[in-house]
Amino acid sequence: MAGARREFPRKIESLSEIFAFLEEFADEHEFDARTVFCINLVVEELFTNMVRHNLGGADTVTLGLDHDDEQVFLELIDIDVEPFDPSTVEPVPVDAGVDSRRPGGLGVHLVRTMVDDLKYDYLVEDRCMRISVRKTLEQ
Amino acid sequence: MFEIKHDTDGIVTLHGRFDASQIDAARAAFESITRSCTMDFGDLTYVSSAGLGLLFATQKRLVDRGEAITLTNLNPHIREIFSIAGFDNIFEIK
């Protein structure tokens, strides 16, 4: 496996740098278009959640990328933050119409639906949140 | 980069990547939509939940006054996102 890892400033404006980092990695390893779209979306949703909700955290969030012949692995690490497990977010009522639907929760819903595995770890001593994602590559 | 254009024939076209960093700049353009329209996604390459949220808020505001947005030319990846989000129930998609 050939991984890559980089730290990004904790701000929404970092997204353009993050997308460039993802594009470089995806091009180098010739990922298919659907996987590229998926990893852009998953990283954006997880990163923006960290920026918006993990107030008081470190100045940067670390993004790690790796892959093998069949899967891509993403990892986001946020230090000095409170625990928040995205798997505990209430399901979105996707069958509801516009009258009864409420905004919110869509990002986590999209992530949970589009990946094969979403794992959350929290190290109390370091106040460190780590979210790991596994996504099968298209054949 | 993201752009939204109101064409003279009543069609609203979206261009580029509609991600969380574009929401503040796009909000005014969406708030200026007050009547039913067709929104052309032909040049839109990417949308995340941030963009979906602004689209939803706009549709809800319009539907409350008897108007609605119809969507066209979604690429397969965006179409999949709309399906996962349940937006087939929120928008007419052609």
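The structure is a predicted model. Chain B holds 3 helices and 5 strands, and its radius of gyration of 12 Å is close to the 12 Å that the globule rule gives for 94 residues, so chain B is as compact as a globular protein of that length. Where the two chains meet, 23 residues of chain A are in contact with 20 residues of chain B.

**Overall build of chain B**

- Read from the N terminus, the elements of chain B follow the order β-β-α-β-α-β-α-β.
- The C-alpha trace of chain B spans about 30 × 25 × 25 Å along its principal axes.
- Of the 94 residues in chain B, 36% count as buried.
- Take the contacts in chain B between residues at least 6 apart in sequence: 68% of these join residues at least 24 apart.

**Strand S4 of chain B and its partners**

- Strand S4 of chain B covers residues 69-72.
- S4(B) pairs with strand S3 (residues 37-47) of chain B in the parallel sense, over 4 bridges.
- In this part of the chain, B:Asp40 stands opposite B:Thr72 of S4(B).
- S4(B) also pairs with strand S5 (residues 92-93) of chain B, in the parallel sense and over 2 bridges.
- Here B:Thr70 stands opposite B:Glu92, a residue of S5(B).

**The helices between these strands**

- Helix H2 (residues 49-63) of chain B forms a right-handed β-α-β unit together with S3(B) and S4(B).
- Helix H3 (residues 76-85) of chain B forms a right-handed β-α-β unit together with S4(B) and S5(B).

**The contact between chains A and B**

- The contact joins 23 residues of chain A with 20 residues of chain B.
- On the side of chain A that touches chain B, helix H1 (15-28), helix H2 (33-53) and helix H3 (106-114) of chain A each supply at least two residues.
- H2(A) gives the largest share of that side, 7 residues.
- By residue type, the side of chain A that touches chain B divides into 11 nonpolar, 6 polar and 6 charged residues.

Conventions:
Residues are numbered from 1 along each chain as its sequence is written. Chains are lettered from A and ligands numbered from 1 in the order in which they are written. This is a predicted model: local features need pLDDT of at least 70, side-chain atom pairs count only at pLDDT 80 or more; totals for chains, interfaces and linings use all residues. Two residues are in contact if their C-beta atoms, placed from the backbone, lie within 7 Å. Ala, Val, Leu, Ile, Met, Phe, Trp, Tyr, Cys and Pro count as nonpolar, Asp, Glu, Lys and Arg as charged, and the others, Gly among them, as polar. The radius of gyration is taken over C-alpha atoms; the globule rule is 2.2 Å times the number of residues to the power 0.38. A residue is buried if 20 or more other C-beta atoms lie within 10 Å of its own, exposed if 12 or fewer, and partly exposed in between; C-beta atoms are placed from the backbone. Two strands pair if DSSP finds at least two bridges between them. A crossover is right-handed if, with the strands pointing away from the viewer, the path from the first strand over the helix to the second runs clockwise.
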